[in-house]
Structures are given as structure tokens and as C-alpha cells.
Amino acid sequence: MTHPLVATIRSTLAEHGDPDRAGAQQAYMKSTMPYRGITSPELKALLRPVLADPALRIEDREEWEEAVRDLWDGAAFREDRYAATALTGHRAYRSWQDPELLPLYRHLVVTGAWWDHVDEVASNRVGPILLSHNETVEPVIRAWAADDDLWLRRTAVISQLTFKTNTDTDLLRETIEANLDDTSFWLRKAIGWALRQYARTDPDWVRAFVAEHEGRLSGLSRREALKHL
């Protein structure tokens with residue numbers, strides 16, 4: 001059965017939108033799934049009272065995960081999936097952010113398979129779990145870095161974007177080196193992004209890494225890595 005929270009989210013989103021904007025959004029994102037035409041600020045404003053409503057609060061962890069999957073897998077519009085991602089990050093369910101959620105986040109990454117879904121999950125869902133449960137999650141990130149799925153590899157590379165001085169440079173090095181020969185724009189951009197972010201904390205480490213891998217690092221990755229140096 002559909003949880004009342006999921007039903008309320010769907011009905012709320014169905015009442016809003018702009019068909020003209022929806023077409024432009026779908027074209028811009030090259031999405032096969034249609035949009036309702038709700039902007040990101042509008043979506044946040046619509047979801048805020050619904051997710052905070054105590055009458056719709058989900059008290060059981062398994063039920064909450066089922067609600068996320070229902071909202072995601074049953075999505076008819078891309079905003080439904082954005083709402084599912086928002087539900088995973090809501091403060092009411094923060095205590096459930098632990099390694100047991102990695103299969104769920106893996107599912108969102110693999111089935112989302114585009115940067116707007118993947119980057120939010122990678123840096124703001126998987127990343128914090130990696131930081132707080134390093135010993136358990138690090139082997140998973142290393143495995144993802146060598147996975148056949150492009151988007152799991154991108155997730156591994158950018159999982160430490162927000163870590164600053166807490167960055168595990170051995171893990172950063174391994175996730176990047178595992179993907180240096182990939183010709184995909186999405187991996188090359190991710191490598192440059194990860195290095196650029198860490199350069200704000202340790203520019204010398206990034207300069208040394210770029211110099212060490214001069215022959216294998218793509219021009220795009222190198223330019224991104226050194227953008228602010």
C-alpha cells in the first residue's frame with residue numbers, strides 16, 4: 001500500500017507545475033522522464049511542510065525505505081524522484097543514515113543514471129555515511145570505483161567532496177587512479193571536480209598528484225583540478 005506521505009507528495013506536486021517550462025526542463029536535462037515544470041526552489045517550498053508534517057511522519061525505518069523506493073520507482077515525473085531524494089535527507093530521518101542504507105543509495109545512483117540525481121546522493125548521502133563509518137564504507141567505495149557502472153564510479157570519485165581536512169587521500173587517489181583511463185566526460189569531470197575541491201584544502205597535494213599523472217590525466221580533469229591554483 002502507498003504510504004500517506006507518498007500519496008500526499010504526489011498529489012501536492014500534481015497540483016503545481018508549468019507545462020511550458022516542463023518541456024524546456026526535459027529538453028535541457030535530456031530526460032526520457034517528463035517534468036511537471038516545477039523549479040527547484042518551488043519544489044523545496046512545496047515539500048517543506050509535507051515532510052515536516054507530524055501526521056505524515058514515518059516511524060518505522062523499513063517503512064520509510066519502502067516509501068522512498070515507492071516514490072522513486074513509481075515516479076511518473078522527474079520531480080517525484082527529486083522528492084524521493086529529499087525524503088532520504090530530511091532531518092526527521094537523520095538517525096537512519098548509516099551503512100545499511102548503501103544498497104538503497106546504490107539503487108538510486110544506478111537507476112537515476114544522470115548527474116542531477118547522482119551528484120546529490122554521492123556528496124550529500126553517501127559521503128556523510130563514509131565520513132562517519134569509514135572502516136565499514138571505505139571498502140564499498142573502493143569497489144564502486146572499479147564497478148562496471150559509470151555512475152557508481154562517479155559516486156566513488158566525488159564521495160569526499162565536502163570532507164576538506166577529513167579527506168582520506170589514499171582513498172581519493174585510488175578512486176581517481178581506477179578511472180584515469182576512462183574517456184567518459186562524466187568521469188573526467190568528476191576527477192577534476194574532486195581534485196579542485198581538495199585543492200582548497202591542500203593545494204600542494206593536488207599539484208603533486210597532477211604532476212605525477214601528467215601523462216594519463218585528461219585535459220578536462222587537469223584544467224578543473226588546477227582551476228583555482
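Predicted model: local features only at pLDDT ≥ 70, side-chain atom pairs only at ≥ 80, totals over all residues.
I take buried to mean under 20% relative accessible area, exposed over 50%, and partly exposed in between, with a 1.4 Å probe and protein chains only. Residues are numbered from 1 along each chain as its sequence is written, and side-chain values use heavy atoms, with hydrogens and water left out.

**Entry 1. Backbone angles**

I looked up Lys30, which is exposed at a relative accessible area of 69%. Lys30 sits in the loop between helix 2 (19-29) and helix 3 (40-52); helices here are DSSP runs of H or I with at least four residues, numbered from the N terminus. Its phi is positive, about 50°, although Lys30 is not a glycine. I note that most residues other than glycine have a negative phi.

I then turned to Ala113, where phi is also positive, about 45°, in a residue that is not a glycine. Ala113 belongs to the loop between helix 6 (102-112) and helix 7 (115-132). Its relative accessible area of 28% makes Ala113 partly exposed.

**Entry 2. Aromatic pairs**

I found 10 aromatic pairs in the structure. Rings of Phe, Tyr and Trp (its six-membered ring) pair if their centres lie within 6.5 Å; planes under 30 degrees apart are stacked, over 60 edge-to-face, and the rest tilted.

For Trp64 and Trp96, the ring centres are 5.4 Å apart and the planes stand at 55°, so I record the pair as tilted. The pair links distant parts of the chain, 32 residues apart: Trp64 is in helix 4 (residues 61-73), and Trp96 is in the loop between helix 5 (78-89) and helix 6. Trp64 is buried at 0% relative accessibility, and Trp96 is buried at 15%.

For Trp151 and Trp186, the centres are 5.5 Å apart with the planes at 45°, so this pair is tilted. It too links distant parts of the chain, with Trp151 in helix 9 (residues 150-158) and Trp186 in helix 11 (residues 185-199), 35 residues apart. Trp151 is buried, its relative accessible area being 7%. I see Trp151 and Trp186 in one aromatic cluster with Trp114 and Phe185.

**Entry 3. Helix 7 against helix 8**

I read the axes of helix 7 and helix 8 as coming within 6 Å and crossing at roughly 135°. Axes are lines fitted to C-alpha atoms, for helices over the stretch in contact, and angles run from 0 to 180 degrees between N-to-C directions. The two helices are therefore oblique to each other; under 35 degrees counts as roughly parallel, over 145 as roughly antiparallel, 65 to 115 as roughly perpendicular and the rest as oblique.

In contact (heavy atoms within 4.5 Å), Val126, Ile129, Leu130, Leu131 and Ser132 of helix 7 meet Asn134, Val137, Glu138, Ile141 and Trp144 of helix 8.

**Entry 4. Helix 8 against helix 10**

Helix 8 (residues 134-145) and helix 10 (residues 169-177) have axes that come within 9 Å and cross at roughly 20°. I therefore list helix 8 and helix 10 as roughly parallel to each other. Glu138, Ile141, Arg142 and Ala145 of helix 8 meet Asp170, Leu171, Glu174 and Thr175 of helix 10.

Within helix 10 I checked Asp170, which is exposed at a relative accessible area of 56%. From C-alpha to C-alpha, Asp170 and Gly192 are 17 Å apart in space and 22 residues apart in sequence.
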